[in-house]
Amino acid sequence: MKLLFLWIFALHACTAIATTKVMYQGSLTDFKWQNRVIIIQINSKKELSQLQDEIHYHSSDFNARKLLMLISINDKTWILDATTAQTVSPQLNHQVLKTINQNLDNVLLIGLDGGIKNRYTAKTFSLEQVFNDIDLMPMRSREIDD
């Protein structure tokens, strides 16, 4: 039993270390044609943890839709996908903060083409709405048909 506990603890510690490395995208355009991106501002690490749990729960939906989330907390940006949480480069952090300041109290959905596809009110934002909106996009329809 002790061995199992130590193994789980070591695995958690390794995961925590792995999830804090820096992503080196220099700009939002680096995601173009590779990922759809949700940009959101939150107020605490607790909210970050809740979003990580929600993304993990919806991991198959995130992967199927090529979706990432850029989350700003106290002027620091994290990138979350279905498996990791990582800080971003200073250049991308600056661009995300500028985008958030231009769209206060909104969550943004950026499409594969790099354009803003939708703005959601932060108070009523839900991942299910994002999934539904993405599924209505012509490019997503082509992905599903392939």
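## Start with the whole chain

Color by secondary structure and follow the protein chain from its N terminus: the elements come in the order α-β-β-α-α-β-β-β-α-β-β-α-α. That makes six helices and seven strands. Keep in mind that you're looking at a predicted model.

Of its 146 residues, 40% count as buried. Next, think about contacts: among those in the protein chain with a separation of 6 or more, 64% are between residues 24 or more positions apart.

## Zoom in on helix 4

Select residues 90-102, which form helix 4.

Next, pick out L92, N93, V96, L97, T99 and I100, the buried residues of helix 4. They cover an arc of only 160 degrees around the axis, so they lie on the same side of helix 4. Here's the background: an α-helix has 3.6 residues a turn, so residues three or four places apart point the same way.

Turn to the other side of helix 4 and select P90, Q91, H94, N101 and Q102: these are exposed.

## See what the buried side touches

Finally, show the strands around helix 4. Which ones do its buried residues pack against? Select each in turn: strand 2 (36-42), strand 3 (67-73), strand 4 (76-80), strand 5 (85-88) and strand 6 (106-110).

Terms used: Residues are numbered from 1 along each chain as its sequence is written. This is a predicted model: local features need pLDDT of at least 70, side-chain atom pairs count only at pLDDT 80 or more; totals for chains, interfaces and linings use all residues. Side-chain values use heavy atoms; hydrogens and water are left out. Helices (H or I, at least four residues) and strands (E, at least two) are DSSP runs, numbered from the N terminus. The expected span of a helix is 1.5 Å times one less than its number of residues. Buried means under 20% relative accessible area, exposed over 50%, partly exposed in between (1.4 Å probe, protein chains only). The arc is that of the directions from the helix axis to the C-beta atoms. Contact means heavy atoms within 4.5 Å.
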